[in-house]
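Here is a short briefing for a reader who has the sequence and the coordinates at hand.

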Amino acid sequence: MTNPVVLEAKNLVKYFPTVSKGLLQRSTDSVKAVDGVSVQVRAGQTLGVVGESGCGKSTLARLLMRLLPPTSGTVLLDGADITSLTGRELRAVRAKIQMVFQDPVASLNPRHSVGQIIGTPLKFLKVKSATGAREHVQELMELVGLNPEHYNRYPHEFSGGQRQRIGIARALAVGPQVIVADEPVSALDVSIQAQVLNLMEKLQRDLGLSYVFIAHDLSVVRHIADEIIVMYLGKVVESGSPSDVYSTPSHPYTQALLSAIPVADPRAAASHKRTVLVGDVPSPIDPPSGCRFRTRCPRAQDLCALEEPALIDRGQGHPVACHFPG
Amino acid sequence: MTDVLPIDGIDGDSVVVASIESKSPKRLSWDRFKRDRFAIAGLGVVAFFLIIAIFAPLITKILGISPNALDRNSLNDYGLPNGRFGGISGKHWLGVEPGTGRDILARLIYGARLSLFVGLVATLITTSVGMMLGLVAGYLRGRVDTFLSRLSDLVMTFPSLILTIALVRPGTQRLEAMGVPEGNPARLTYLMLVTLFFGWVGFFRIVRGQTLALREREFVEAARSSGAGPGHIIFRQIAPNLWGPIIALASMSLPGYVAYEAALSFLGVGIISPTASWGIMLQDSVHYYRADPTYFFIPGATLFVLVMAFYLLSEGLRDALDPKNDRQQVA
């Protein structure tokens, strides 16, 4: 855990104003998608981000990528503030941080050949390669396990797993330090998931990449992450190493999430205590006062409605945002 | 490109089992199009008319006919064509015009030239302007989009035919004052400008809607993280995905413009006689519909055949370019 920090976010906030329909399009409310999230990604390591749909994971990814401007907070890459860069400076940053997208169909332009798709970042980020652009792209294709002869093929001719490999090759094209992967395997079959995950791990070892790995599948994150944050309604509720989070989950939300993982052994399953959360995730437009999880929390008390718990170590060995961790 | 897959045979030898062709989206669309017999027939008819229009002077010369030569000998004392069916003869294959004796086939051939020219130019300008504005409005959104969308609403509420007819005189006079040659050049320029003013809206709406949807796709975000600017994203990422609907819509609007020109010429605000136009022929023939119904039938039927062929072609194009059909042909 002594590797230097490559990518850091401090107190990131993203509110999306909700535009009320009408003649005077006045913005009254806002969706609080990400509300004060701080993360650190260390060189050559993987930060896993977990949480259910709508908790702000994808927004966090786009904030780190500078695809969305944050409402407040800062993003540091190699210690340099990249929060408000534009134009040429932003392009220089993009050469260091790239993204792998969730949907292997929507993330590849159906009208572009594979060669064009993987070559796009090379064209704009002006990365010089020793060989020509075509050779460089074909080397990348080989690196991610695609047949370089398929250079001129189109996305519809590939399977889901192969398409995701194309997406990974595109992200690798400019030789980035950090790759933000927004649920890169959740659209794939389980057998293909393993292949893509193994490829990503291999690339990390060989190229020294750092990953921000977003997923809703806890077993996937446990497999790949060195550090985990658990998000709920735009906030981090618990963070730590996989062993911290998986062996000694302290936030009731993390406990509920972990208890939802099916147990394969039927005898063990009989004694498996399942924490079922009641109700739905509250609206991010009007989140609950105090602790955002209190409306669904089995341990909620009066204090939880009054005071928001800070994300600090309360004797569990890792930070938890809960007044009554256990 | 073609790959040859060597697959191990039973005895362990490497045998060439299959050559798999790699097909681009364009190629897939063409394959689908080829299977549509109506569309191919439409394409054939359209190509036939195009060739006639392009080589009009040559064809009439070979046939020894002229659109403006008067042939009084083919008319009787009442000014009506001699013989049956509007004076159809070895000399005048489709008969002659009552009153003047001009050859109808020659006028039809030159009329095709004008009709297709008007149709193509009108389609080209309305499509390109509509597409450009739609892409910009859909991608930029915000004020630009609001302005262009309200403008398109406004244009749509205009009674276009009445305005076109009412403004034909001041419009052409204005153009002549600006140096456009008097007569048909001024009329044609006026018609194209009016068509552009009213015609971009349809394309704009479709393209804007599609762009709004496409800009949210992940490949646009991927292009942005690749360092691409708005120009690349609009024209290289989004626009190629719009060619399907655009080509289909353009091929659908072209016959509309051909018929529109005929209608305006018929109403007397289009092309000025003696230049041959199908609309003028139709208008002229109405006076003789009792005495010489063939004269009315021939330009009407020709217009019908061309418009029909265009619609069949555009139907076929629309089916072939529909991305929803993309997967069916991937074997």
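Predicted model: local features only at pLDDT ≥ 70, side-chain atom pairs only at ≥ 80, totals over all residues.

## Strand 9 of chain A and its surroundings

In the hairpin formed by strand 9 of chain A and strand 10 of chain A, two residues lie between the strands, and Leu233(A) takes a positive phi near 50°.

**Pairing of strand 9**

- Strand 9 of chain A and strand 10 of chain A (residues 235-240) run antiparallel and are joined by five bridges, and within this pairing Ile229(A) has Ser239(A) in strand 10 of chain A as its bridge partner.
- Strand 3 of chain A (residues 46-50) runs parallel to strand 9 of chain A, with four bridges joining the two, and here Leu47(A) has Glu227(A) in strand 9 of chain A as its bridge partner.

**Burial of strand 9**

- Strand 9 of chain A spans residues 227-232 and is mostly covered, since six of its six residues are buried.
- Both of its faces are covered: one side carries the buried residues Glu227(A), Ile229(A) and Met231(A), while the other carries Ile228(A), Val230(A) and Tyr232(A), which are likewise buried.

**Arg299(A)**

- Arg299(A) is found in the loop that connects helix 10 (266-271) and helix 11 (302-306) of chain A.
- Arg299(A) counts as partly exposed because it has 15 C-beta neighbours inside 10 Å, whereas a buried residue would need 20 or more and an exposed one 12 or fewer.
- When neighbours within four places in sequence are left aside, Arg299(A) is in contact with Pro252(A) and Phe324(A).
- Asn152(A), by contrast, is 147 residues from Arg299(A) in sequence, and the C-alpha to C-alpha separation of the two is 58 Å.

**The contact between chains A and B**

- Chain A contributes 25 residues to the contact and chain B contributes 23 residues.
- On the side of chain A that touches chain B, helix 2 (87-94), strand 6 (97-100) and helix 3 (114-125) of chain A each supply at least two residues, and helix 3 of chain A gives the largest share, with four residues.
- By residue class, this side of chain A divides into 11 nonpolar, six polar and eight charged residues.

**Chain B as a whole**

- The secondary structure of chain B comprises 13 helices and two strands, and of its 331 residues 41% count as buried.
- Where contacts in chain B link residues at least 6 apart in sequence, 66% of them join residues at least 24 apart.

Technical notes. Residues numbered from 1 in each chain as written. Chains lettered and ligands numbered in written order. Contact = placed C-beta atoms within 7 Å. Nonpolar A, V, L, I, M, F, W, Y, C, P; charged D, E, K, R; others polar. Pairing = 2+ DSSP bridges.
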